[in-house]
Amino acid sequence: MSDLVIVESPAKAKTIKKYLGSNYEVVASMGHVRDLPKARLSVDIKNHFAPKYEIIKGKEKLVKELKTLASESENIYLATDPDREGEAISWHLAYILGLPEDYNKRVEFTEITKNGVKNGMDHPRLINTNLVNAQQARRILDRLVGYKLSPFVSQKIRRGLSAGRVQSVALRIIVDREEQIRKFKPEEYWSIDAKFIPKGSRKAFAASLYADANGKIKIENAQQADKIESDLQGAEYMITKVKHGTRKKSPAPPFITSTLQQEASRKLGFQSRRTMKVAQELYEGVEIEGMGATGLITYMRTDSLRISEVAIAEVTGYIDKKFGSEYLPAKPRHFKSRNNAQDGHEAIRPSMPSLEPDSIKSSLTSDQYKLYKLIWNRFTASQMADCIQKTTQADIEANGYIFKASGYYVEFPGFTTLYVEGKDEAEEKSSQLPPLEKNMPVRCKELKKNQHFTQPPARYTEASLIKALEEYGIGRPSTYAATITTITSREYVKREAKSLVPTELGEVLTKLMKERFPKIVNVKFTAQMEESLDKVENGEEEWVKVLDDFYEDFDKTLKKAKTEMEGVKLKLKEDETDIICEKCGRKMVVKVGRYGKFIACPGYPECKNIKKYVEKTGVTCPKCGGDVIVKHTKTKRVFYGCSNYPECDFVSWNEPTNERCPQCGEILYKKKGKKPVLFCAKEGCGFTKTVAADEK
């Protein structure tokens with residue numbers, strides 16, 4: 001009899017099978033096999049929140065096959081993902097297969113490599129019931145909030161809404177930022193910037209007014225700026241202070257889940273969902289030419305910065321050979337994880353640090369290559385020497401005013417040879433200054449007054465929202481992508497370029513939640529719930545008590561809200577269209593029903609005229625002159641087609657425009673990406689142009 005190994009995905013099964021050999025049967029459970037059914041609450045609140053699990057619809061055949069294979073196997077190894085969710089899947093599998101509670105064949109693969117698989121199989125253990133209970137508590141908690149609260153908000157605002165525990169807080173953070181932006185009152189300020197040329201030199205350098213005789217100066221209006229400009233007319237400028245220094249820059253630590261999502265958003269333009277999908281593929285295994293199915297990275301759901309000594313030794317050897325010993329720090333770097341981090345896994349790193357991205361590029365998809373390269377570069381750079389910069393600061397004085405200039409040059413690039421961390425906000429650029437000395441006279445080549453206004457806080461992007469959620473302690477590595485996907489797909493938030501902007505629906509929902517369910521959308525309360533779930537995982541708290549403490553107050557709050565808002569319906573502004581109702585002459589509006597958007601007469605119930613909702617692009621069909629409209633596949637992928645279908649068969653994945661190709665006269669299409677471009681689709685033409693900022 002062979003041994004049975006159950007994992008979660010076919011790709012993972014294929015990779016592991018390669019390492020285990022013919023004595024093992026490796027199969028995939030395809031994720032969860034048992035869960036709370038969708039049609040009802042399925043939690044017995046009065047009986048200590050007992051969950052009523054069922055086989056997931058459509059997985060009955062798979063479960064039957066797993067039972068058959070289990071009955072024919074000598075040993076059954078449960079090798080689902082090494083986290084709470086994976087532990088729960090193993091627990092459900094053990095129940096379905098009738099395995100005893102003390103069954104000790106639960107194995108973990110933190111990396112899908114030969115050593116990783118061998119190490120996992122050599123150290124089987126019992127199922128960790130604390131992990132399972134933490135997952136159950138989260139699942140039941142979210143089910144209680146979702147199934148109790150969603151019908152209420154749907155009744156008070158509009159049909160089909162949902163209000164989840166973590167998504168509601170994430171939405172509130174975005175809405176609160178939008179309110180800050182609206183309330184923001186810009187303040188005027190001025191700067192005076194100059195360009196100086198040292199005596200005997202032709203190279204100009206920039207400096208800005210910093211202080212006067214009384215100290216640091218703040219120029220609040222044009223009158224102050226004019227006076228300073230007048231005071232400096234014909235002035236002689238002298239360098240009064242020069243300070244040289246050395247600055248060290250250390251590399252960023254290797255990725256954890258949140259920083260990987262942030263950096264992939266900044267550098268690759270990936271949404272968090274896309275990042276995690278590709279990372280899962282890299283972890284589970286990719287078919288590499290000459291190597292077969294190979295897991296390329298360690299487990300991608302982690303908040304620990306720990307790195308194994310084996311990996312450090314391998315990457316240190318690679319750096320020494322590739323770049324030279326001067327690119328190695330005096331001793332290997334070890335990074336400290338956050339206080340609330342779960343230290344069960346390493347940081348995200350290449351499973352084989354010496355496997356360069358370019359050496360396997362031909363075996364990877366474009367997304368896999370980009371993400372693997374990002375992970376590989378970041379990890380390798382984290383074990384490289386500091387970047388050494390030589391800095392210069394100079395004060396230039398004239399008539400009691402002091403200008404400050406600063407610059408640097410790189411003496412030794414260190415880790416920046418390979419990788420520099422992205423930033424959410426633009427950094428001030430600094431260049432190398434020419435040789436400057438104290439008491440050196442300089443000539444003022446240019447003096448400019450510049451008016452500025454303080455700017456409101458920036459809207460959240462995916463990267464900055466994930467950073468905020470992590471800092472507040474809301475959610476965990478595995479939840480960030482799902483949370484953002486939920487609030488955007490529900491149309492509580494829309495994307496404008498990279499920014500996340502709340503819709504009217506999102507703002508009305510948040511206002512209701514803040515007024516009626518302040519704890520649910522309270523950042524500190526939600527963070528405390530996460531801490532409670534962590535305590536359950538660590539065996540420090542009973543999961544039923546966590547649920548009981550939460551539900552008692554939640555239930556009272558919900559009952560009070562239902563009583564006080566009986567008969568109340570919150571109104572949303574309806575989007576008015578230019579379509580005239582042919583029955584009564586009113587302008588029709590966009591409404592949302594059970595099956596999505598539709599056009600309706602605002603005169604209901606006197607006038608019940610409705611029409612199908614069509615999203616026009618404003619572009620004329622190149623084939624028949626009709627309207628080009630936005631359409632969706634069954635999987636909600638956007639494409640473009642003619643409103644005169646089926647008479648006209650024009651379709652396109654890329655968005656057509658009304659602009660014509662200057663070379664051949666055909667219409668141009670817009671290809672989205674980090675740098676959107678317009679291109680001509682006519683065979684043999686090849687015309688492209690970058691989309692201007694105001695056209696995006």
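Over how many bridges do strand β24 and β25 pair? The views below are taken from a predicted model.

View A. Strand β24 (residues 627–632) pairs with β25 over five bridges, in the antiparallel sense.

**View B. The surroundings of Asn 644.** Asn 644 sits in the loop that links β25 (638–642) and β26 (651–652). Its relative accessible area is 33%, so Asn 644 counts as partly exposed. Leaving out residues up to four places away in sequence, Asn 644 touches Cys 624 and Gly 626. Glu 541 is 103 residues from Asn 644 in sequence, and the two C-alpha atoms are 63 Å apart.

**View C. The largest nonpolar core.** This core has 56 residues, and those with the most contacts inside it include Leu 149, Phe 152, Leu 465 and Phe 550. Among the elements that give two or more residues to the core are α5 (129–156), α6 (165–183), α14 (504–516) and α16 (543–564). The most comes from α5, with nine residues.

**View D. Contacts of Met 513.** Met 513 is also listed with the residues that have the most contacts inside the largest nonpolar core. Beyond its neighbours within four places in sequence, Met 513 is in contact with Leu 149, Val 153, Ala 163, Ser 168, Pro 518, Ile 520 and Val 521. Another core, of 54 residues, lies apart from the largest one and includes Ala 13, Tyr 77, Ala 311 and Tyr 372.

Terms used: Residues are numbered from 1 along each chain as its sequence is written. This is a predicted model: local features need pLDDT of at least 70, side-chain atom pairs count only at pLDDT 80 or more; totals for chains, interfaces and linings use all residues. Side-chain values use heavy atoms; hydrogens and water are left out. A nonpolar core is a set of buried Ala, Val, Leu, Ile, Met, Phe, Trp, Tyr and Cys residues joined through side-chain atoms within 4.5 Å. Buried means under 20% relative accessible area, exposed over 50%, partly exposed in between (1.4 Å probe, protein chains only). Helices (H or I, at least four residues) and strands (E, at least two) are DSSP runs, numbered from the N terminus. Contact means heavy atoms within 4.5 Å. Two strands pair if DSSP finds at least two bridges between them.
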